[in-house]
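Take a look at the protein model below. We will go through its disulfides and then its cavities.

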Amino acid sequence: VTIFVPSSLPPDVMRLNILFATLAVICFAASVQAATPPIFVTALTDLYNSAGGPGWTKSTNWTIGDPCINKWYGVTCDQTQKILGLTLPNNNLVGSLPDTVTGIYSIKNFDLSSNKLSGTVPYALSSLRSVENLYLNNNQFTGTLTDSFNNFLNLKNINLANNQIIGTIPKTAASLNSLVKIILSGNKFNGTVHSSFGGLDHLTNLLLDNNQLYGTLPVFLQRQPRPFFNGTNNQFWCPLPLWCSAPPTGVGLCAPCVNHTVQYLCCNYGPPGCSYIVDSVCSPDVCPPSKQIVLCSSNPVSSCFEC
């Protein structure tokens, strides 16, 4: 911007005019809003196209101009036009999540709950390192979860309830000490509840009900203080801890349980009597490092350990 001030003016008037002109330029510059970074616009546009945008219940201003300046419905931004939130619950999103959605690297609140999204939860989603709240519950997601949960450096609350996700719960999630609530109810998770979740100092809620989990409950759920836990309608082994067994003994938050025949572990150097079948249920801690864990099908013998 060029500032023109006539040279014939007295010095004091000239200085005053220059001051006013400079202030005007500053005010004009401040009034011009920066554009939303193109990578964010691409991510949102791809989501709109991939998740049936024209059929959304509400899509005010979507695909019109700039997402932040034009205030696309459900999109919240900071003063620099970085996207902080994408909140579209119960909005008739139908389809899948595109991998490009991970381009919204500044997002903190990601809520696409109660829609009809399907397919797998994208592996690339774990690259959203700024996300604090991830809500994908009440959709139709399938497949397994990535082991890259440790990339969610700031994740506090995750809700994936009421989908059709299978496989084990990633142990890497136990490295996220910022986690407060883990809600994975109503899926098809199997395997055990890993003891390392007991190291999450801020965890207040661990909801794993209505899955296919099995084994014994880890020690951290049997001591005080413990997070609120719901493990009903799984296949945990009897006997259950008293506090979560069926009423009237407990509150029923782990019931029902299944009777389980005692099994034994031994290492691959063990004596005859073990059938060398890999068992993922029991902890490998009972054997020396680098030794394969196998399941003993016979009575306990030397070098075998009760699960």
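Are Cys 244 and Cys 254 buried or exposed? Cys 244 is buried, and Cys 254 is buried as well. Keep in mind that this is a predicted model.

These two cysteines are partners. Cys 244 and Cys 254 form a disulfide, with 2.2 Å between their sulfur atoms. The torsion about their S-S bond is about -105°, so this disulfide is left-handed. Cys 244 and Cys 254 both lie in the loop between E15 and E16, so the pair ties together parts that are 10 residues apart in sequence. What kind of link is that? A disulfide is a covalent bond between the sulfur atoms of two cysteines.

How many disulfides does a search of the whole structure find? It finds three. One of them joins Cys 238 to Cys 257, with an S to S distance of 1.9 Å. Here the torsion about the S-S bond is about 95°, so the disulfide is right-handed. Cys 238 and Cys 257 lie in the loop between strand E15 (235-236) and strand E16 (264-267), so this pair ties together parts that are 19 residues apart in sequence.

Now move to Cys 68 and Cys 77. They form a disulfide too, and their sulfur atoms are 2.0 Å apart. The torsion about the S-S bond is about -85°, so this disulfide is left-handed. Its two ends need separate checks. Cys 68 has a relative accessible area of 8%, which is under the 20% cut-off, so Cys 68 is buried. Cys 77 has a relative accessible area of 26% and is partly exposed.

Next, the empty space. Rolling a probe the size of a water molecule over the atoms shows where empty space is left. A search of the whole structure finds two cavities of 30 Å³ or more. The largest cavity has a volume of about 110 Å³. It is lined by 13 residues, and the closest to its centre are Ile 169, Ala 173, Ile 182, Leu 184 and Phe 197. What is that lining made of? It divides into 13 nonpolar residues, no polar and no charged.

The second largest cavity has a volume of about 70 Å³. Its lining includes Val 121, Pro 122, Leu 125, Thr 146 and Phe 149. How does this lining divide? It has 10 nonpolar residues, one polar and no charged.

Technical notes. Residues are numbered from 1 along each chain as its sequence is written. This is a predicted model: local features need pLDDT of at least 70, side-chain atom pairs count only at pLDDT 80 or more; totals for chains, interfaces and linings use all residues. Side-chain values use heavy atoms; hydrogens and water are left out. A disulfide is a pair of cysteine sulfur atoms within 2.5 Å. Buried means under 20% relative accessible area, exposed over 50%, partly exposed in between (1.4 Å probe, protein chains only). Helices (H or I, at least four residues) and strands (E, at least two) are DSSP runs, numbered from the N terminus. On a 1 Å grid over the protein atoms alone, a cavity is a set of points where a 1.4 Å probe fits but cannot get out, and a pocket is an open set with protein on both sides within 12 Å along at least five of seven lines; lining residues have an atom within 4 Å of a point. Grid points are joined across faces, edges and corners, and a volume is the space filled by probe spheres set on the points. Ala, Val, Leu, Ile, Met, Phe, Trp, Tyr, Cys and Pro count as nonpolar, Asp, Glu, Lys and Arg as charged, and the others, Gly among them, as polar.
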